[in-house]
Each structure stands twice: as structure tokens, then as C-alpha cells.
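Good morning, and thank you for making time for this. Please have the structure open while I talk, and I will go through it slowly.

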Amino acid sequence: MGAFKFRSNHQDFWAGIMFLGLGILAVYLSRDYPLGRAMRMGPGYFPTYLGWLMITVGAIVGGRSFFRDPTEEEVTTKWAVVPLALMPASVAVFALLIDTLGLVIAVLSMLVLANASIKNFRPIEFTVNFVVLLCIAIFVFQKGLGVPFHTFWEESLGKALGELISLLGTPFRLMFGS
Amino acid sequence: MEFINDIFGNLIMGFGVAVSLENLLYCFVGCLLGTLVGVLPGIGPVAAIALLLPTTFSLPPVGAMIMLAGIYYGAAYGGSTTAVLVNLPGESSSVVTCLDGHAMAKNGRAGHALAVSAIGSFFAGTVCTLVIAFLAPPLAEVALKFGAPEYFSLMVFGLIASAVLARGSLMKALGMIVVGLLFGIIGTDVNSGMSRFTFGLPGLSDGIGFVVIAMAFFGLGEIIKNLETPNDQRQVFTDKVSGLMPRWVDVRDSAGAIMRGTVIGGFFGTLPGTGPVVASFASYAIEKKVAKDNSQFGKGDIRGVAGPESANNAAAQTAFIPTLTLGIPGSGTMALMLGALMIQGIAPGPQVMTARPDLFWGLIASMWVGNLMLVILNLPLIGMWVQLLKVPYRMLFPAILLFMCIGTYSLNNSIQDPLLMAFFGFVGYAFMKFGCEPAPMLLGFILGPLMEENLRRALLISRGDPTVFVTRPISLAFLVLAAASLLVVILPAVRKKRDEAFQGDE
């Protein structure tokens with residue numbers, strides 16, 4: 001299990017940074033929205049003031065960390081780096097494959113990634129889990145509740161691929177303006 | 001007298017709705033699924049409801065709410081089963097149950113502990129169903145007179161109270177509320193039609209679904225946290241559970257505890273932010289004080305199970321009062337219920353009772369039916385739940401993960417929601433590691449848009465004069481309450497007590 005200690009081992013410090021960051025981002029983004037007046041609040045009114053509130057709270061929480069020694073728990077706490085990378089990744093892989101290659105492949109890939117975080121890979125358990133979960137996905141969700149999954153890639157692979165590419169291209173469009 | 005007649009008339013009408021074959025089925029499925037998820041440690045009630053919420057979208061509103069309510073208290077029942085048998089709370093409101101419940105199980109009295117907790121919960125559920133039926137109509141009557149300033153101040157009070165009573169640092173809880181409010185802004189502003197905080201992503205123009213946020217913070221974040229400790233060496237109490245029939249001695253010994261637990265829970269449930277967790281802790285503390293001989297507490301005293309279990313179930317029920325009558329949720333789970341109402345196209349608030357009496361009273365009646373079902377369902381099925389507990393976490397979490405993927409995908413049949421969930425899973429885990437509780441964030445997220453709207457209206461009415469919040473008496477009262485609850489926590493003496501009350505609640 002990979003784990004590392006935070007350099008500044010203080011929860012309050014980092015919580016404050018997160019709050020501050022979000023607050024600054026909110027205020028920054030809200031510049032583009034008309035503020036309006038109190039009587040006729042514009043779309044920027046509420047977010048701007050919330051952003052400042054967030055900055056205030058962040059400053060207090062973060063500032064507090066300089067006056068309090070980190071607790072034992074804060075010093076020894078470890079981040080579950082491997083699961084932190086693998087769990088969201090497995091969700092993302094499911095999402096990226098479901099419309100193109102279909103349910104079977106998506107579920108399989110997701111399970112492989114999820115299981116990669118476990119020591120001692122157990123092939124039998126994995127197979128049982130895969131088969132059971134796939135059956136639930138097909139019979140309960142696809143057939144029973146009518147979630148429109150493709151089982152395989154037979155249908156509209158091209159269309160789905162096109163959508164996927166356009167979604168993946170979003171960061172570039174954002175960067176270079178469209 | 002007429003008032004009472006009205007209520008019974010309404011209750012009978014509600015039972016008419018609740019015992020229709022269809023709704024009984026929804027209630028049953030809800031209770032069963034809820035217990036199932038509640039039994040599994042490592043997945044809390046918020047994640048459970050979020051996980052199962054998409055399956056209710058296709059149901060009619062009444063059926064959907066009944067099923068969700070079933071999931072909600074099913075999870076509460078299931079949580080205590082795990083607490084007794086595995087010494088792991090299935091959810092945080094069962095933390096105290098572990099103390100004496102598991103001690104009883106070790107002494108070979110698991111059956112008695114489970115039976116008493118079922119009886120206590122059922123009694124509390126019955127009483128609190130009646131309490132809701134009596135309290136909700138007058139409260140809704142008052143709430144109908146609220147204008148925008150009152151609502152805004154009420155929300156401020158609700159949010160602050162939830163921060164005050166949340167576990168851990170007050171400032172960080174307040175911070176998480178603001179985080180939730182900010183997340184709630186993402187999307188198109190209803191008034192100006194302007195996209196806010198969407199980063200140019202067309203998919204964000206409708207905002208982030210609350211199911212996505214809830215699953216990310218409570219489901220995904222929780223899974224990552226559970227995987228921090230690689231080996232799941234759970235001590236499942238595998239001996240077969242016997243003595244499920246309660247003994248007369250047990251009932252006699254625990255009757256007082258059950259009644260006190262019901263009162264305590266019923267009271268705490270109505271307060272924003274407290275709910276089942278605080279109620280169960282308070283009940284345990286009081287039982288320990290009241291008992292003449294409290295030497296057995298922690299070693300398997302039945303009162304230590306009966307009191308908290310009744311209290312957490314009572315609080316779970318009465319938590320519906322502010323949610324249904326004011327449209328102000330007091331906890332993460334209630335925030336989800338409220339969100340579910342909105343998805344069904346019902347604007348939450350005092351008008352629900354008059355506009356949709358079938359929904360309101362059907363739901364209340366179904367609470368009692370659900371409680372009855374759980375008693376009948378739970379005790380005979382204990383064997384099955386025990387088997388389920390033997391499934392190791394390494395097989396369980398991929399399943400939860402997959403259901404979260406499918407659940408978020410099915411919200412809009414779009415891959416954007418699972419991707420968003422993956423992203424917010426990171427954020428959620430980081431906040432957790434920095435000691436920030438996710439529940440206040442969820443409350444802020446749900447209430448954010450409502451708060452902005454009411455602020456806008458209030459300031460419009462007052463022609464931009466912010467003193468409107470302090471010149472209207474009811475609004476002022478809420479703000480004073482909010483300030484008072486903040487002050488109280490900041491006072492060092494109370495703060496110490498609060499920390500004590502949350503000790504061991506991990």
C-alpha cells in the first residue's frame with residue numbers, strides 16, 4: 001500500500017487551503033456575472049458574497065493551524081494513494097467504455113481496475129463477482145429498469161465514439177476558445 | 001376535537017393509500033433493500049439512498065417516496081444488526097449499540113439484543129408516526145404564513161444548527177456548508193438564464209445532480225477510506241443466533257429505556273442537524289445516569305441497547321417533520337429525500353400537505369406499515385443477514401462501485417454523471433482527510449438555490465433593505481436562534497461536553 005506523509009501535517013491547514021482556493025475561484029468566476037443591486041440581485045450577487053464568505057472561513061480555518069500543534073492522528077494519517085487513484089479511475093473507465101464497447105467490457109474493465117487495489121488477486125472470487133454483477137446489471141438494470149445499455153459494441157459504435165471524442169476534446173476547446 | 005377527528009380521518013385516508021397492493025410492495029422492497037444496505041458495513045444511509053434513488057425515478061411520486069422512506073428506516077434497522085453481530089456500526093447512529101449490543105452477543109445473548117432493539121424501534125416508530133400526524137399540520141399551517149425573509153432566516157438557522165451539531169470542528173462544518181452552497185450555484189441561473197460556474201461545459205448547464213454529489217462524497221470517498229486499511233479482518237459473530245423471541249424479563253427491564261429513548265429521539269429528530277446520531281448518544285448517556293445499578297453498562301446491559309435503538313429510530317421518524325412541513329432537511333439523508341421530492345416534480349414545503357394529501361398522509365401511514373414490516377422481516381431473516389456479513393469487503397466494494405456507476409449513468413443516460421462522480425470522489429476524499437464532514441456540504445448543496453431565491457425575493461420586497469431580516473419578528477427569532485446556537489458552541493464549557501458526546505463516534 002503506497003502511502004506518504006503530508007509535508008505540512010495539519011488538517012486545518014489544508015482544509016483552509018481548499019476553502020480559500022474555492023472561494024477565490026468563486027469570486028474570480030463571478031466577475032463575469034452582473035452583480036446587480038440588493039433590490040434586484042444579479043446572477044453574480046449571491047456567488048460573489050458566498051465566495052468572500054468562503055475566503056473568510058478558509059482564512060480562519062487555515063490561520064488556526066499556525067496556533068495549534070498537529071495531533072497524533074494528523075501526523076500519522078496516511079493517504080490511501082492507490083485506491084484514491086484506482087477507484088475514480090475505474091468509475092471513469094466504466095463511463096468511457098459503456099457507450100462504445102458495451103456493458104460486458106465496461107463492467108469487466110471496471111472490476112479489473114477496482115480489484116487491482118487488492119493484494120492477493122483471487123481468480124475464482126473475481127470470476128464469481130464478475131458473473132454475478134454482470135447478471136444483475138443485465139437483468140435488473142438493463143432489462144428490468146430499462147437503462148439503455150448496449151450489451152456489446154454492435155450498435156452505434158461510431159456515433160458513441162464521436163460523442164466520446166467531442167467530450168474528450170472539451171479541455172482543448174476550453175483552452176483555445178471555440 | 002375537530003382537529004383530532006381531522007387527523008384520524010387523514011390517517012385513515014393515508015392508510016388507504018399505504019396498504020394498496022402496489023404501495024405495500026414498494027414499502028416492502030424499500031425495507032428489504034434498505035436493510036440489505038444497512039447491514040453491510042462501510043456503506044452509510046446517505047450512500048444507500050443515493051444508490052437506490054435512481055431506481056425510484058420511474059415510480060409515481062407516492063410510491064417513490066414510500067420506497068425511499070422504507071430504504072431509510074430499513075437502513076437504520078440493518079445498521080443495528082451489524083452493530084450487535086459484528087461490533088461494526090452499519091451506520092453512525094448505531095455506534096452506541098455496539099457497546100452493549102456486541103457485549104450481549106459475546107455473552108450469547110445476540111438474539112435478545114436484536115429482539116429488544118426491534119421491539120424498541122417498533123414502539124418508537126409507532127409513537128413517532130402519531131407525533132408526526134399531530135405536529136405536522138399545525139406546523140405547516142404556521143409555515144404557510146412564512147414569507148421569503150422568514151424562509152431565508154429559517155434556512156440560515158437550519159444550516160448553522162446542522163454545523164453546530166455536526167461532528168468535529170465547527171468552522172470546518174461551516175466551511176463545508178459554504179462549499180455546498182457554491183456547488184449548488186453551478187448551472188443556469190433561473191432568473192437571468194446565465195450559466196454560472198459551468199466552465200463552458202454544456203453538460204453542467206443543468207447543474208450537478210445531488211445524487212452524483214452524494215454518491216461521490218458518501219459512496220466513493222467512503223470506499224477509498226475503507227480501503228486505507230488493506231485487510232478486512234471482520235470478527236463476524238458466526239454462532240447461530242438464538243433466543244430471538246424476547247423474554248418477559250428483557251421487556252420489563254427495558255420498557256423504561258424504550259420510553260425515554262422514544263422521547264429523547266423524538267425531540268432530537270425534529271432539530272436540524274441532530275437526528276439519530278445525537279439522539280442515540282444522548283439516550284445512552286441518560287440511561288447510564290438513570291439506572292440504579294449501571295455497573296453492567298458496556299458489558300451487556302440490555303437497557304444500553306433498548307434506549308439508543310429506540311431513540312435513533314424515533315429520531316429517524318421525526319426528522320421528517322421539518323423536511324415535510326417546512327421543506328428544510330435536517331440531515332444528509334433528509335436532504336436526499338427532499339431532492340427526491342423535487343425530482344418527482346413536487347416543490348417541498350408546507351403546501352405539500354394540502355396540495356398532495358395522498359402523498360403526505362400515505363407516506364406517514366406507510367412509515368408505520370414499514371416499521372411493522374421490518375419487525376416481521378428482520379427477525380426471521382437474521383440468518384440471511386448473518387450470511388451476508390460473511391461476504392468480504394474486497395468482493396463487496398466492486399459491487400457498490402458498479403452500482404454507483406450504473407446509478408449515476410441512469411440519471412440522464414449520460415456518461416457525464418459518472419465522470420463527475422469520479423472527479424468529486426477525489427474532492428470528497430480530500431475533504432475527509434482534512435477532517436471536513438460531508439453532511440453539512442450536502443445540506444448546503446440542496447438548500448443553496450432555495451436560499452438564493454428567497455434572498456432575492458426578500459430583498460425585492462424590502463426594496464433592497466437588508467434590515468428586513470431583523471424587523472420581521474419570526475425571521476428575527478430564527479436569526480437569534482442561529483446566533484445563540486453558534487455562541488453556545490463557542491463557549492468553552494459546552495464545547496467540552498459536545499466533544500465528549502461525540503467521542504468514540506468514528
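B:F197 sits in the loop that runs between β2 (195-196) and α9 of chain B, where helices (H or I, at least four residues) and strands (E, at least two) are DSSP runs numbered from the N terminus. Its phi is positive, about 55°, although B:F197 is not a glycine. As a general point, most residues other than glycine have a negative phi. B:F197 counts as buried because it has 20 C-beta neighbours inside 10 Å; by definition, a residue is buried if 20 or more other C-beta atoms lie within 10 Å of its own, exposed if 12 or fewer, and partly exposed in between, with C-beta atoms placed from the backbone.

Before I go further, please keep in mind that this is a predicted model, in which local features need pLDDT of at least 70 and side-chain atom pairs count only at pLDDT 80 or more, whereas totals for chains, interfaces and linings use all residues. Residues are numbered from 1 along each chain as its sequence is written, and chains are lettered from A and ligands numbered from 1 in the order in which they are written.

Is B:R463 buried or exposed? B:R463 is exposed, because it has 10 other C-beta atoms within 10 Å. B:R463 lies in the loop between α19 and α20 (468-471) of chain B, and its phi, near 55°, is a positive value in a residue other than glycine.

Turning to chain B as a whole, its secondary structure comes to 22 helices and two strands, and 61% of its 506 residues count as buried. Along its principal axes, the C-alpha trace of chain B spans about 70 × 55 × 55 Å.

Now to where the chains meet. The contact takes 58 residues from chain B and 59 residues from chain A, two residues being in contact if their C-beta atoms, placed from the backbone, lie within 7 Å. On the side of chain B that touches chain A, at least two residues each come from α8 (170-185), α9 (210-226), α17 (393-412), α18 (416-433) and α19 (439-461).

Let me stay with one residue of helix α18 of chain B, namely B:F424. B:F424 is buried, with 22 other C-beta atoms within 10 Å, and, not counting residues up to four places away in sequence, it touches B:V212, B:I213, B:A216 and B:F217.

Which residues touch the most other members of the largest nonpolar core? In this core of 220 residues, they are A:M110, B:A50, B:L68, B:I213, B:A214, B:M215 and B:L401, where a nonpolar core is a set of buried Ala, Val, Leu, Ile, Met, Phe, Trp, Tyr and Cys residues joined through C-beta atoms within 7 Å. Helix α6 (residues 110-144) of chain B gives the largest share of this core, 18 residues. Domain 1 (11-76) and domain 2 (81-167) of chain A both contribute residues, so the core lies between them; these domain bounds come from an automatic or database domain assignment. Leaving aside neighbours within four places in sequence, the contacts of B:M215 include B:A47, B:A50 and B:M404.

Finally, chain A has its own α6, whose buried residues are A:N129, A:L133, A:A137 and A:F141. An α-helix has 3.6 residues a turn, so residues three or four places apart point the same way. The cover over the buried residues of α6(A) includes α5 (103-115) of chain A together with α17 of chain B.
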